[in-house]
Amino acid sequence: MSGNSDSLLRRTFLAASAGCLAGLAAEGGEDLRVLDIHQHTNYSGRSDDQLVAHQRKMGVTKTILLPSGNKPTPGLELGGTETCINLSRNHPKEFVYFGNELPDIPETRETLEKYLKMGALGIGEQKFHVDCDSSYMQLVAEIARKHRVPVLMHFQHDTYNLHIERFHTMLEKFPKVNFIGHAQTWWANIDRNCDQVTMYPKGKVTAGGITDRLLSEYPNMYGDLSAGSGLNSMLRDEDQARQFLDRHQNKLMFGSDCTDTLGEGDKCLGAQILAAVRRLAPDPKIQRKIFHQNAMRIIKVKF
């Protein structure tokens with residue numbers, strides 16, 4: 001047989017084999033997509049090109065960009081909504097975005113509705129110094145309800161979205177709005193014995209904390225595993241983390257929220273979070289829920 005014929009047969013065999021493997025993967029329900037619900041443009045000076053490379057290296061299929069408010073919070077070094085729109089337009093298969101604005105200024109409704117009408121898939125990251133159940137956050141929830149989008153909130157004791165112990169009132173008042181909890185105070189409160197002042201607690205966790213109860217008792221409450229706080233919530237007590245990930249497998253979502261340019265190794269929070277979930281929740285069905293299925297239920301994102 002000629003060399004050309006051998007080459008053609010080999011390519012045909014490889015193509016058929018790949019097709020068979022893809023078919024077997026589909027039949028087995030394998031789905032390796034990863035949706036990162038928490039990243040930022042201009043994060044600590046990282047360029048768009050560096051962010052794109054970072055996400056690809058981390059193995060992320062699609063990323064949700066979370067902007068600062070149109071009037072940024074002082075010290076919050078990340079890009080506004082327009083920067084997220086630009087990156088999403090340049091890489092539409094890989095990036096989508098939320099809209100954001102300070103909740104306590106006259107322009108809140110106008111700005112949020114403008115971006116939602118332009119294609120923003122949610123509101124957030126809401127990271128501002130207001131009570132989490134204030135009239136300002138109720139306005140944000142009303143806008144989210146009108147546009148049928150989720151709200152991602154950064155809970156940080158005495159700093160952002162204050163008084164997490166009262167947040168259940170928001171979930172009850174806005175049962176059709178899906179809220180996504182994130183950050184230090186959110187994740188510290190998996191522990192029933194949480195000390196609200198401690199941002200990154202260590203040691204064993206007693207189940208039944210505020211966060212644990214909100215996820216269990218309210219169908220419109222979800223959790224974002226991103227950042228050092230999300231990683232710490234798993235590594236501080238790995239026995240409870242296995243139980244927590246199993247118990248809330250329908251409510252948790254992967255996010256990275258890391259500032260590095262590497263996308264791998266122990267200096268990348270996102271890579272560490274992915275590794276922790278894979279190790280502590282080895283069931284592929286649970287991983288698929290956390291890595292993309294749960295988010296796709298409440299965020300109108302398409303792959």
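Modeller: Buried means under 20% relative accessible area, exposed means over 50%, and partly exposed is in between (1.4 Å probe, protein chains only). This is a predicted model, where local features need pLDDT of at least 70, side-chain atom pairs count only at pLDDT 80 or more, and totals for chains, interfaces and linings use all residues. Residues are numbered from 1 along each chain as its sequence is written, and side-chain values use heavy atoms, leaving out hydrogens and water.

Biologist: OK, let's start with E1: how many of its residues are buried?

Modeller: E1 is a strand covering 35-39 (strands, at least two residues of E, and helices, at least four of H or I, are DSSP runs numbered from the N terminus). It's mostly covered, and of its five residues the number buried is five.

Biologist: Which residue in E2 is the bridge partner of Asp36?

Modeller: E1 and E2 (residues 62-65) pair in the parallel sense, over three bridges (DSSP has to find at least two bridges for strands to pair). Together with H2, they make a right-handed β-α-β unit (clockwise from the first strand over the helix to the second, with the strands pointing away from the viewer). Within E2, Asp36 is partnered by Thr63.

Biologist: Going from E4 to E5, which helix does the chain cross through?

Modeller: E4 and E5 run parallel and are joined by two bridges, and Ile123 has Val151 as its partner in E5. The crossover between these strands is right-handed, and its helix, residues 135-147, is H5.

Biologist: And in E6, what is the bridge partner of His154?

Modeller: E5 (residues 151-154) runs parallel to E6 (residues 179-182), with four bridges joining them. His154 pairs there with His182.

Biologist: Is Asp133 buried or exposed, and which side chain makes a polar contact with its side chain?

Modeller: You'll find Asp133 in the loop between E4 and H5. It's buried, at 17% relative accessible area. Its contacts (heavy atoms within 4.5 Å), setting aside neighbours within four places in sequence, include Gln138, Thr169 and Met170. The polar contact (N or O atoms within 3.5 Å, one able to donate a hydrogen and the other to accept it; residues adjacent in sequence count only if both atoms are side-chain atoms) is 2.8 Å, and the partner is Arg166.

Biologist: How about Lys289: how far away is the nearest side chain of opposite charge?

Modeller: Lys289 lies in helix H12 (residues 284-298), and its side chain makes a polar contact of 3.0 Å with that of Asn250. Though buried, Lys289 has no salt bridge (a Lys or Arg side-chain nitrogen within 4 Å of an Asp or Glu carboxyl oxygen). Counting Lys and Arg as positive and Asp and Glu as negative, with His and the chain ends not counted, the nearest opposite charge is on Asp283, at 7.8 Å.

Biologist: Last one: what is the phi of Ala227?

Modeller: Ala227 belongs to helix H9 (residues 227-235) and is buried, with a relative accessible area of 10%. It isn't a glycine, yet its phi is positive, about 70°.
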